[in-house]
Amino acid sequence: MPYPLEKIRNFCIIAHIDHGKSTLADRLLQATGTVTDREMQDQLLDDMDLERERGITIKARAVSLRYKHSDGEIYQLNLIDTPGHVDFTYEVQRSLQACEGALLLVDAAQGVEAQTMANFLLAIDQNLEIVPVLNKIDLPAAMPDKVAAEVEESLGLSGESCIRASAKMGIGISDILGAIVDSVPAPKGNADEPLQALIFDAVYDDYRGIIVYFRVINGAIKRGDSIRLLRSQRSYEVTEVGRLTPKMNAEKAGLAAGEVGYFIAAIKNLSDVKVGDTITLDKNRGTPLPGFRELKPMVFAGLYPSGETTFDELREAVEKLQINDASFTFEPESGGALGHGFRCGYLGMLHLEICQERLEREFDLDLVTTAPNVPYQITTRGGEDVMITTPAEVPPEGFDQIREPVVELNVMIPSAFVGPVMQLATERRGEFKHQDYLGPERCVLTYHMPMAEVVYDLFDKLKSATSGYGTMDYDLNGFRESDLVKVDILVHHNPCEALAFICHRSVAERRGRAIVKNLREEIPRHLFEVALQAAIGAKVIARESVKAMRKDVTAKCYGGDVSRKRKLLEKQKKGKKRMKMIGSVEVPQAAFMAVLKANDE
Amino acid sequence: MTIPPASNARHLYLHIPYCAAKCPYCDFNSIAGREDEFESYVDALLEEVGRLPVGPYETVFIGGGTPTILGPQALERLLAGIRDHIHLAANYEWTCEANPGSSDAERFALLAEHGVNRISLGVQAVQDHHLRFLGRVHDLDQARGALALAKQAVPRVSADLIIGLPGQTRSELAATIAFIGEHELEHASVYHLAIEAGTEFHARYQRGELQVLDQDTSRDLLEQAWSGLAALGLEQYETSNFARPGAECRHNLAYWRQRDYQAAGCGAVSTLAGQRMTREKHPGRYIAAIQAGGDAAWQVEALTQVELIEECWMLGLRLADGVDLAALQALGDASERWHETAVVLARQGLIQYDGSRLALSPEGRAVQDAVTVALMPG
Ligand SMILES: Nc1nc2c(ncn2[C@@H]2O[C@H](COP(=O)(O)OP(=O)(O)O)[C@@H](O)[C@H]2O)c(=O)[nH]1
Ligand SMILES: C[S@@+](CC[C@H](N)C(=O)[O-])C[C@H]1O[C@@H](n2cnc3c(N)ncnc32)[C@H](O)[C@@H]1O
Ligand code: SF4
């Protein structure tokens, strides 16, 4: 017997970071007795250490709550967690697609922020019923009336309908649960139609293998079914289907239309399980669900072993990482001074940082990362179109045209900061599109901006230009032609591919100067003066030098000091060996990030 | 117990760990405020000396800490006890370190009487504000007085000085050099201030409360000191040691030439036939270990061939004479390994290398560690 649709509600919580999404999720689990207080671990839905530290939900999960409503009936409330960062917009969309409603959580002290807005718009796109909740009303700084007005004005939701809550203090939780049942529509769908289920997430577990999270739209799925993933065109036999309570709870009868859960099958590669793909039965096939997109990495960086770490260890680690994270890509590359490594692709900078931390922490590797770049499209002299992911691939003979990715950027700021933000956007080659007011004091500026100007550090810059109040969100808008050049960096007259970069001609000189200046700080003094240059082709656009070392003497060394002083010199020698040689110059690992830091100047 | 390897070491180091006050820059094994321990320490030290081969020793060095902090009786007991057990070679050198804050005619006379023929006095600076910065227990007048007393008592006197002090001016350094000249010292140890791990200066430095000189200023001061000392006829026979020809400290030369040396006392290090032993550093623990009949060994290292080679480079490059290439060859570091590096360094003007002699140039002296690291194996 399929679970009656009218007793199911599928919802998610959308919020700007730190507005209390995880805290509220915990409360809902507690209030419904889904987990007992004793079992309650903080932030149960974020179960990777790294996520906990960063307070970001990276991987969407789901949990089924059993809730007894005031009408006396028991409802199955499926809470689907959504990632909260611009790097993961597509994954957010797919999570939303699995729901009929969303709790829109707004910090009553902070008000509507860029991610509130961005997620709200995504939710509207999916026709979700929105239940606005003002959180943190316990805070002395909370201004629920003002924020309710803002919600009304900027999002067009009724201010009066905002539930006032404090996830921390447990205020308003029963109102929220009630509103989920009363306001969020029950799922539609038909258990008798051919299976159509949406994959909204998949993870690799060391013990269970690949676990796929899905929402059944139509039809039903149970253990033993032979299923097919329509986009990746692969078939599997389901070995387990169940609900998440939040532990995996196998369900013999399987799941039917409207329900949310997980399945396990003997799936070998996480890359075969694509978020947004449609699950159907091998025999009785349904049609693909809308919205699927192939995720493409938009930030690339070289990753090289360093210190004691070997290339083979790095290869093993990136292979394992990909098992956990299908959006991470890698390809072998050779980086001159850096030896052999990989060109890795990431969804964005946050994704890059997370992957790097995992590699360093989980695999205990010593790594050098080169400055990240976006992909470029090049029309070669021969008229051929190619995609390049590293400056090293710029043809030495030049090209007919080069195109760079451009994003649509929404910046949400208090109106008082429009001036400085417009200036920042202009510096970053932003093309102004429009300005919308979210009430008298806040507005959204929309720009088209080269992705390269956005991904690395625009967020930090925006924060400092707006005293911390600005927030932003972006999405890829296509590739545009641009006057881009490749800048080479020469260390003591040897070009270093790992330091080369592509940028707009107008900023090449400034960036080049900033980089050689940073390099000057990073490269230790040598016994000779080290020349540093930035050049476009044969033309030197900036130069600096690292002065020769002037003093390096151990003053005292007597009978009792010999071993210790020897060890210090051995350490000094080891330190030198850890550096990368560019010609006769020893370059520390940190220097390879000099390109990135140069964006700050 | 470690069985000491057979060696007829000709050099002996004895350590007295006590000082009147701990200087904030000092990482020597020294402590202040343990006057109550002096007697039992002298007992333990003499016990250990009594177990050493009798010599003859060409050099003896009593260092610290501040050996002259011992009261006259304890000092006399120590010196007599040493003389009772060991033999001195005909032309021996016996140095004792002293701090101007605990120097007097009586103690110096005792030293001389028992055969000490060289005093090394910790003058450190010749401006009272620098002496205060260095946390010294004495002022310049006391240092002058102590120098005069030392010269009356023994034939050879050396002074320790620290340069490269934060804020030190060229004229202050000139005064420091002039001081050495005025006192007609035949020997001086002139160190650039080092911020040593574990010292109070190091802690202050890490907290950002102590500014150190930049490389360029340090280099200028070093060059000024070196040329000033040369003008006084004091040759830089080692990185931080300057002497009239013939007045070099033979004891310290033994270290730099990788000779074997015996030692006794807490924290003291002996190196015998490639075995290096460091004794218990803490005086109380040392005393207890010796009293219990043990050797107080805290760490015993069997130097590997590579380590011996590294030390040959490190120590040899400190000397004006340079690295003992024959010794290096004998240790197994064939010139094929380093010849090319040496040629490049010579071309850069950092070393003098003519196939038979390899020594730092004055330019190279200032960047000695980097040059050593370049030449060292590993
Ligand atoms: N005062 C107060 N703090 C809250 C409330 N809800 C969450 N917080 C705090 O806000 C911070 C961010 O909450 P979290 O749930 O991690 O936010 P998320 O990033 O949206 O998941 C944490 O320090 C929470 O303790 C609330 O109702 N009142
Ligand atoms: C054991 S002390 C000798 C004498 C005695 N303890 C005294 O200070 O008067 C050896 C010498 O090393 C030098 N020295 C000690 N610590 C130093 C440091 N951190 N930097 C430079 N020289 C230092 C001082 O000149 C000191 O006199
Ligand atoms: S410098 Fe000399 S007096 Fe000062 S603490 Fe060190 S050993 Fe003692």
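Because the model is predicted, local features need pLDDT of at least 70 and side-chain atom pairs count only at pLDDT 80 or more, but totals for chains, interfaces and linings use all residues.

**Stop 1: ligand 1.** Select ligand 1. Around it are 16 residues (a residue is near a molecule if its C-beta atom, placed from the backbone, lies within 6 Å of it). The closest are A:G20, A:K21, A:S22, A:T23 and A:K168. Now show helix α1 of chain A, residues 21-31. This helix gives the largest share of the shell, three residues (helices are DSSP runs of H or I, at least four residues; strands are runs of E, at least two; both are numbered from the N terminus).

**Stop 2: where the chains meet.** Colour chains A and B apart. Here 35 residues of chain B are in contact with 23 residues of chain A (C-beta atoms, placed from the backbone, within 7 Å). On the chain B side, elements supplying at least two residues each include β8 (187-192) and α8 (215-231).

**Stop 3: ligand 2.** Select ligand 2, which lies between chains A and B. Its shell has 19 residues, the closest being B:Y25, B:N99, B:G122, B:D160 and B:Y191. Strands β4 (57-64), β6 (118-124) and β7 (156-163) of chain B each give two or more residues to this shell.

**Stop 4: ligand 3.** Finish at ligand 3. Among the residues surrounding it are B:C19, B:C23, B:C26 and B:F28.

Terms used. Residues numbered from 1 in each chain as written. Chains lettered and ligands numbered in written order. Contact = placed C-beta atoms within 7 Å.
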